[in-house]
Amino acid sequence: MKQTARNMKRFFVLAVILSSLFFFVRLASSEPEGATVAYVSNTTKNASTPDSRTDAKGTITTINLNTLQQDIKWKAYVGNVSGTLVLRDSEDYSIYEWAAGGSPSGEVYLARNSSIDWTNIRCANQSVISIEETTLGFVSTAQDNINNTFAYNNHTSFDVGTVTIAESSCKNTATWMNDTAQTVNLNALFQEVLLMDTSDHVVYASIINQDTASYKNDSLTKYDFQAIVPDFVSATIATYYFYVEITG
Amino acid sequence: MYSKLMSRLLALLVILFSSMLFVANAVEVPMGAQEVTEGAESTINASNYAAQSIEAYAGNISQLTLRGTGQTKHWQGYYGEVTGTLTLDDAANWTLYDWPVQEPTGEIYATVNTTPDWINVQCFDFATMQAPWEAFYNMTPLDSDGINETFNMTTHPQVVVGEYTILPNTCPSTFTHVNDQFQTEDFVQLLLSDSADRLIFTTIIENKDLGNGTDPVGYNNVAHDFQLLVAEDGTSSPGGVRNTATTTYYFYLDIQ
């Protein structure tokens with residue numbers, strides 16, 4: 001018999017048909033998700049004790065006055081983020097879940113709209129920022145308007161769902177730490193970036209910094225996020241919707 | 001008499017020779033899946049997670065606790081059915097006999113390598129292989145959905161990989177969900193490797209219970225033969241460019 005025939009082997013060939021093989025899309029659709037919000041507390045500035053003077057009758061006295069006044073066009077949210085990473089289908093069935101721990105990384109997004117087009121999120125442009133200021137009743141020359149608050153282009157890159165926001169591409173700011181203003185650069189903590197979607201909805205993106213010393217000059221108080229958002233100058237109270245994107 | 005004896009001997013030699021065409025030197029290794037049929041894709045529905053709102057007065061600093069849910073960027077899931085045929089073929093694929101198997105038992109293997117060394121399969125060793133493989137999938141040690149965080153158990157039955165036996169409860173393992181819940185009864189998954197440290201995702205086909213022709217329900221309350229997690233890199237690169245490349249997995253099966 002030929003050598004090839006001598007070398008024939010007995011083996012099992014398993015012809016297997018995998019039918020109805022379903023799989024989850026490889027590029028996970030990972031848009032920011034609506035967050036569950038648990039209110040903890042709020043606080044505001046106490047009224048300052050007024051200074052006083054006593055001057056002689058018939059005198060004209062020149063004085064300089066200084067005040068520290070609570071800004072009533074902005075409000076802030078601070079706190080902690082927890083979450084779960086899941087592999088879930090469109091019917092909300094999970095094939096697997098991972099506890100993301102007490103302090104995941106990612107971002108907290110705040111917007112006055114409950115429906116954001118995350119697939120087309122981008123840096124907020126000047127036109128939209130001006131419309132936002134007008135909508136809220138901000139004066140364009142005010143020191144505490146949106147332009148003067150988000151006055152930097154110095155932030156880290158981050159992902160919003162499938163969109164990558166490039167480093168220092170958008171207007172941004174950073175909230176205070178230890179009762180002191182930070183230098184707004186790539187190393188700043190609690191960076192906050194101005195974004196918008198295709199419907200010109202402004203989104204305030206606060207980058208999570210896990211268990212970080214807060215705006216308080218208090219080493220014991222730590223938060224995962226700090227975010228400032230503008231409110232209506234009028235008596236109307238702005239409602240903000242919270243979204244979270246956690247990444248491990 | 002002599003000629004009869006020689007005839008019988010010759011016949012015996014022919015028989016023996018013919019039987020050597022099917023020498024019991026069967027290469028018993030998992031075989032590549034002959035056909036993979038793609039079904040529907042599905043991912044998390046963000047509309048099921050509407051944002052919540054809270055009111056606060058201007059001039060206030062409000063403390064909140066936020067809880068979020070996020071779809072993992074490091075894993076993808078497969079599930080489905082398995083059918084197969086056990087056959088007795090030669091190297092030229094000529095079939096002497098075959099047996100259709102409607103509900104086969106065995107294992108499914110998925111790997112990014114096309115030529116695993118099935119003769120030298122072993123448990124995945126976190127000490128030496130975790131770092132390079134997590135780097136391959138762009139996972140960091142801090143990720144809560146990394147490889148070791150996922151395969152964080154050593155609970156599994158005995159598994160026979162070709163001719164090599166993996167003893168019970170010796171390899172990293174995990175279980176995928178049943179009916180949307182974590183459980184440790186069905187759909188177990190093991191982490192194996194070969195002699196070249198190639199990572200092999202392994203799951204046991206869910207017809208393991210003798211005499212039980214009913215598949216267990218899977219993660220979505222529908223019966224399946226298997227569920228399988230494989231790692232994927234869905235993160236962005238340091239330069240900020242989103243990784244849109246896909247990872248090709250090769251499927252092997254070992255059915256009985």
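Asn178(A) lies in the loop that runs between strand E10 (172–174) and strand E11 (191–196) of chain A; helices (H or I, at least four residues) and strands (E, at least two) are DSSP runs, numbered from the N terminus. This is a predicted model, in which local features need pLDDT of at least 70, side-chain atom pairs count only at pLDDT 80 or more, and totals for chains, interfaces and linings use all residues. Residues are numbered from 1 along each chain as its sequence is written, chains are lettered from A and ligands numbered from 1 in the order in which they are written, and side-chain values use heavy atoms, with hydrogens and water left out.

Most residues other than glycine have a negative phi. Asn178(A), however, has a positive phi, near 50 degrees. Asp179(A), found in the loop between E10 and E11 of chain A, is not a glycine either, and its phi is positive at about 60 degrees. Asn178(A) is partly exposed, at a relative accessible area of 33%, while Asp179(A) counts as exposed at 54% (buried means under 20% relative accessible area, exposed over 50%, partly exposed in between; 1.4 Å probe, protein chains only).

Helix H2 (residues 126–136) of chain A comes next. Its buried residues are Val128(A), Ile129(A), Glu132(A), Glu133(A) and Leu136(A). Seen down the axis of H2(A), they fall within an arc of 140 degrees, so they line one face of the helix; the arc is that of the directions from the helix axis to the C-beta atoms. An α-helix has 3.6 residues a turn, so residues three or four places apart point the same way. The buried residues of H2(A) pack against helix H3 (146–149), E11, strand E12 (202–207) and strand E15 (225–230) of chain A, where contact means heavy atoms within 4.5 Å. After H2(A) comes Gly137(A), with a positive phi near 90 degrees.
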